[in-house]
Amino acid sequence: MKRFAYPLQGFLTLLKKDKNFILHLIAAFIVVLAAIFFRISHTEWMFIIISIFSVLFMEVINTSVEYVVDLVTEDYHVLAKHAKDTAALAVLLASLMSAIIGLIIFLPYVLALF
């Protein structure tokens, strides 16, 4: 059970520190509801699941980098800024990838409604 306690503590810490993670969870929930509504294929589900978890993974890593950088230095340092900025870029890239995949999957379903 201890193996599950540490990730749960990490999840609760993440929810307290990173409001973007909550926004990503809300977006993921909406996407899952849309996928259920449109009855997407198994293959499309795989891409949706990979997209959702890619963004969540990157957000976790980004927050981890922020904690480590803050642990190492409280002073401004250009390398600390670069570490935080590049970790944030990883989240942005995963989000863009997910948005593109979402458009490719959902746009035909939405257009078919009209």
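This is a predicted model: local features need pLDDT of at least 70, side-chain atom pairs count only at pLDDT 80 or more; totals for chains, interfaces and linings use all residues.
## Salt bridges

A search of the whole structure finds three salt bridges. One of them joins the side chains of E66 and K17, with an N to O distance of 3.6 Å. E66 belongs to helix α3 and K17 to helix α1 (residues 2-17), so this pair ties together parts that are 49 residues apart in sequence. Both partners are partly exposed: E66 has a relative accessible area of 22%, and K17 has a relative accessibility of 33%.

K84 and D70 form another salt bridge, in which the closest N and O atoms are 2.7 Å apart. Because K84 lies in helix α4 and D70 in helix α3, the pair ties together parts that are 14 residues apart in sequence. K84 counts as partly exposed at 26% relative accessibility, as does D70 at 35%.

K81 and D85 also meet through their side chains in a salt bridge, at 2.4 Å from N to O. These two residues are four residues apart in helix α4 and are therefore separated by about one helical turn. The relative accessibility of K81 is 37%, which places K81 in the partly exposed class. D85 is likewise partly exposed, with a relative accessible area of 39%. In general terms, side chains of opposite charge can pair when their charged atoms come close.

## The largest pocket

The largest pocket holds about 300 Å³ of space. Its lining comprises 14 residues, and those nearest the pocket centre are A27, V31, I52, V55 and S98. Helices α2, α3 and α4 (78-112) each supply at least two residues of this lining.

By class, nine of the lining residues are nonpolar and five are polar, while no charged residues are present.

## Nonpolar surface patch

A nonpolar patch on the surface is formed by I22, L23, I26, F29, I30, L33 and I36. Together these residues have about 680 Å² of accessible area.

## The loop between α2 and α3

R39 is located in the loop between α2 and α3 (42-72). The backbone of R39 has a positive phi of about 50 degrees, although R39 is not a glycine. With a relative accessibility of 74%, R39 counts as exposed.

S41 is found in the loop between α2 and α3 as well. S41 is partly exposed, at a relative accessible area of 32%, whereas R39 is exposed.

Terms used. Residues are numbered from 1 along each chain as its sequence is written. Side-chain values use heavy atoms; hydrogens and water are left out. Patches are made of residues with over 30% relative accessible area and no salt bridge: like charges are joined within 9 Å, nonpolar side chains (Val, Leu, Ile, Met, Phe, Trp, Tyr) within 5 Å. Accessible areas come from the Shrake-Rupley method with a 1.4 Å probe; for residues, only the protein chains shown count as cover. A salt bridge is a side-chain nitrogen of Lys or Arg within 4 Å of a carboxyl oxygen of Asp or Glu. Buried means under 20% relative accessible area, exposed over 50%, partly exposed in between (1.4 Å probe, protein chains only). On a 1 Å grid over the protein atoms alone, a cavity is a set of points where a 1.4 Å probe fits but cannot get out, and a pocket is an open set with protein on both sides within 12 Å along at least five of seven lines; lining residues have an atom within 4 Å of a point. Grid points are joined across faces, edges and corners, and a volume is the space filled by probe spheres set on the points. Ala, Val, Leu, Ile, Met, Phe, Trp, Tyr, Cys and Pro count as nonpolar, Asp, Glu, Lys and Arg as charged, and the others, Gly among them, as polar.
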